[in-house]
Amino acid sequence: MNNELKELYQQVILDHNKSPRNYGKPGEFNHSAEGYNPLCGDHVDVYLVVDEGIVKDVRFEGSGCAISKSSASLMTTIVKGKTVEEAESLFEDFHDLVTGKLTDEEKIASLGKLGVFQGVRDFPARVKCASLPWHTMKSALRDEPTKVTAEP
Ligand code: ZN
């Protein structure tokens, strides 16, 4: 990773960890799931309001390391307003990014801020932290109430 990207990665993580966006259980939601990463101890609850195939609102709460928290926070800002299909496709892209399967620079650039998370692929133990909120969001969309990630 070049230095510029490394710096951006640290900035995004620090920023979203310090002031997480869309944090807290909403009064109303129609999909939710709970995710747990036993390797790090990260815990995240994801709440969604889905209406006519659109993610109208997405919020999270939980406790965990800076990477899982900032990843959850950034996820909520990106998924909100997307269709369910787009949200699932972003999950795939993000997953490929952090596991190192996605290497196409143009495609990574198209992911915007999410792209900074490619930094975690150099730290295998952190891949699960970054992907946990996304796995949990996907479980919520599919009404699978709990997700314990054993895989990245
Ligand atoms: Zn973690």
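Residues are termed buried under 20% relative accessible area, exposed over 50% and partly exposed in between (1.4 Å probe, protein chains only). The model is predicted, so local features need pLDDT of at least 70 and side-chain atom pairs pLDDT 80 or more, whereas totals for chains, interfaces and linings use all residues. Numbering starts from 1 along each chain as its sequence is written, and side-chain values use heavy atoms, without hydrogens and water.

**View 1. Helix 2 and its surroundings.** Helix 2 spans residues 66-79; helices (H or I, at least four residues) and strands (E, at least two) are DSSP runs, numbered from the N terminus. Because 11 of its 14 residues are buried, helix 2 is largely enclosed by the rest of the structure. Among the buried residues are Ile67, Leu74, Met75 and Val79. The elements covering them include helix 1 (3-18), strand 2 (42-51) and helix 5 (124-141), contact being heavy atoms within 4.5 Å. Just after helix 2, glycine 81 adopts a positive phi of about 90°.

**View 2. Tyrosine 23 with phenylalanine 60.** The whole structure contains five aromatic pairs (ring centres within 6.5 Å, using the six-membered ring of Trp; planes under 30 degrees apart are stacked, over 60 edge-to-face, the rest tilted). Tyrosine 23 and phenylalanine 60 pair edge-to-face, at 5.0 Å centre to centre and 90° between the planes. Tyrosine 23 is partly exposed at 35% relative accessible area, while phenylalanine 60 is buried at 2%.

**View 3. Phenylalanine 29 with tyrosine 47.** The ring centres lie 4.8 Å apart with planes at 55°, so this pair is tilted. Phenylalanine 29 lies in the loop between helix 1 and strand 1 and tyrosine 47 in strand 2, so the pair ties together parts 18 residues apart in sequence.

Technical notes. Expected span 1.5 Å × (residues − 1).
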